[in-house]
Each structure stands twice: as C-alpha cells, then as structure tokens.
Amino acid sequence: MRRWLEAFEEFAIDVILERRYGKRAALLRWLLYGLSWLFCAGVQTRLWLYRNRLFREHHPACLVISIGNLTVGGTGKTPVVEKFARTLKDYGRRVAILSRGYKSKKPPVLRRLQRKWLGLERRKPRTVHDGRRLLLDSRFAGDEPYMLAKSLGDVIVLVDKNRVRAALYAIRELKCDTLILDDGMQYLTLRHRLEICLIDAQVPFGNEYLLPRGTLRERPANLRRANYIFITKTPPEGNAALIERIRSYNRTAAIVECRHQPCYLQNLYDSADRRPLDHLRGKYIAAISGIARPESFEQSLTGLGANLEITRSFADHHRFTDKELQEFTARCSRRDLEFIVTTEKDSVRFPARFEGLEVPVYYLRVEIEILSGHESWDSLVRRVCEPAEMVTPERFFA
C-alpha cells in the first residue's frame, strides 16, 4: 500500500508539473483545476473569518515568529529556521521550535490507549529535543524537526499538530520566551507577532496554480501579510524582476536575498570522514534524494564540478529501505562510481545501519548565506532580542 501511494503521488506530481502527457494526465489536470477553485474559495473564506474575529486566535504572552511560505515544499525553509533559531539562542533567548511533524510516526496505538486509560499523563507534544538531549529519532519526530534538533544541539524542538498546545507547554514547562512556528504561515490559530515568508527564486510561485492543480497554498496577493520576505536560492544575476512583482503585493515588507551555500560533505556512516567541497570536483558520482525539487540539489552538485552519472529521486519525505539502497549502491558499483551524495534532510531517513555498503554515501551540508538585506536581518534580530516582559502561563491566552 505504501509503495502504491508513493507511486500515485509521484504520478500526480508529474501531472501537476506537466511532466506527464496523455489522456489520463489531461483529465486529471482538468479535475484538479476545478478543485483548485474550491480550494481557493476555502482559503480566502478562512482568512476572512480570522481577520474579522469570527474564528478565534490564541495570543500567547511571548513572541511568536512564523517562518513559512506560499508554496508546498522546496523553498529551503529548514536552513533558514536553523540560522534564525541559532542566532536568537546566541543572543540569550530561550527558543522553542514548534513543528507539526509532517509524516512522523505516532507511538503504537496500544501504548497510547494504555497511557490514556491509566491517566499516566495528559496529552502533550512530543519533545524531540528538550534543550539538553535528543529524545526522538526521525521516525517519531519527522525528518525536518529531527534534522533541526540534531543540527542545533541545544534548542528545544516540539512536535504537535495542535501548536497552541505545544506553545503552552513550551511556556509553562520549558520556560521559553520565543517561539518559532515552523511552516506556520497558514497556521492562523496561533497569533503571529512576526510573519516571515520564504520565496524560492527559481520557482517563486510554483506553476501559478493553487492546490491541488498547482503548488500554491494561497494566492500570491496574500504576501501582504508578511513582515519580512526572504528570497532563497538567489541566482547570480539577482532578483530584480521578482522583487518588482513582490512589491506589487507588499510594498512595506523588508526583503532579504539569500542563497543556500554548500559547506562540506559528511560521510553518512562515519562521523570522522568529512570532506571539503573540492572533493567533488572531477569525481564521477551518483545522487539519491526524496525531496520536493531534486533537480535543484542535482544542479548544485554539477555546479560544484561533479560528474553526475546516476540520479534516483523518490517522493518527498520518502523513507529509504535496505532493499532500495542495496539495489542503488549495486548499480553505482557496477558503473564504478566513486561515491553517492544525498541531502542532509534525506540523510536522517536512511537506515541507522546499512550492511554491505559497496559505495560510500555522503550528505551535502548546506547553510544559509545572506547576500543582500543585511540591515533588514540585523533589524529583525534586534527586534526579537530586545528585553521582553516576564511570561506567565496564566497570561498565555488573551
């Protein structure tokens, strides 16, 4: 069933991005196009209800910063969240990252029912990292929360679909004064003091259609809600045309241009084996990934001088099996390739141990680099890190 669902997901994505043709693909596109109008109406109605206070927003007595986007996947949000959380922590803030834990695995049903019946604990968010130690693996945390917790090392990361509950827990139990709402632009139940929206310079508004016909979660005009706009994956020629379009939707938001800067290669199964980027130059390699836009990752490898001989991509958030890796590494071995490269996000979904590895596997460590808008970034950090008044749990709800 899992494989069938992933195969259908890949087919649907190819149809949406117009990589599949034929009668079935055309019929599905028309069906999705009709549904996208209903989706748009639902999104705008929901925004109107919150804007006119017919739906309730919860106002926590601490700073909530939303980092999100208008499109589904592929904007490179996780490195931005990581940089922001690390910066705020270094400035003395007690930070918690709140994530919904997309595609994370729940604890076994019997265990959940047992704890509920015995009243051993109230329902609370899953704690991926409590600020001192890592408590969950990527299966139960979700790959992005786990990657953030592992990379940051001493920042609290919580997972719960109900992020109001996660926020209350972070304030009451963990004494946090700053909450980062990961992928939070569409999560309107929790009031955002600051709205940061990410836009991928390569495909700013996807294919310009809303879900499910396209990759837009809401209309580009809704960019007006953003206080700060980060343009990611900035090309060498800059973003003049894109900035002009952004300004037609939002005249006042500060714009920060940045790119995802590769740093080094890290062996997936040997922490002592770290290679500089020059190690890619002239090498014959393979790439494997399960992300929203694998072509962006593959282009970065060729841009670093690698000869990319074999590529294999899966659906976003795919969890790799031993069989899939054995088949892929055997294929790479037959072609006499020197090593395999994956993304850091994908690396947390590889098996913890993999026997019979014929070709070494590395992940590409990437960090965010600000190219322009340094003053806006510094202003944002100062705005957050000014002394805040004392947070009390009783004032969590307005």
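Predicted model: local features only at pLDDT ≥ 70, side-chain atom pairs only at ≥ 80, totals over all residues.
## Ground rules

Local features here need pLDDT of at least 70 and side-chain atom pairs pLDDT 80 or more, while totals for chains, interfaces and linings use all residues. Numbering runs from 1 along each chain as its sequence is written, and side-chain values use heavy atoms, with hydrogens and water left out.

## Cysteines

You'll find zero disulfides in this structure (a disulfide being a pair of cysteine sulfur atoms within 2.5 Å). For Cys62, the closest cysteine sulfur is in Cys176, 7.8 Å away, so that's too far for a bond. Cys385 has its closest cysteine sulfur in Cys62, at 14 Å, which is also too far for a bond.

Cys62 is buried at 5% relative accessibility, and Cys385 is buried at 18%. Buried means under 20% relative accessible area, exposed over 50%, and partly exposed in between, with a 1.4 Å probe and protein chains only.

## Helix 12

Helices are DSSP runs of H or I with at least four residues, numbered from the N terminus. Helix 12 takes in residues 374-385, 12 residues in total, and reaches 16 Å from first C-alpha to last, close to the expected 16 Å (1.5 Å times one less than its number of residues).

Its buried residues are Ser376, Trp377, Leu380, Val381, Val384 and Cys385. They sit on the same side of helix 12 because they cover an arc of only 160° around the axis, taken from the directions from the helix axis to the C-beta atoms. Glu375 and Arg382 are exposed on the face turned away from that buried side.

## Ser296

Ser296 belongs to helix 9, residues 294-303, and is buried, with a relative accessible area of 13%. Leaving aside residues up to four places away in sequence, Ser296 touches Gln202 and Lys233 (contact means heavy atoms within 4.5 Å).

Note on methods
Helix = DSSP H or I, 4+ residues; strand = E, 2+ residues; numbered from the N terminus.
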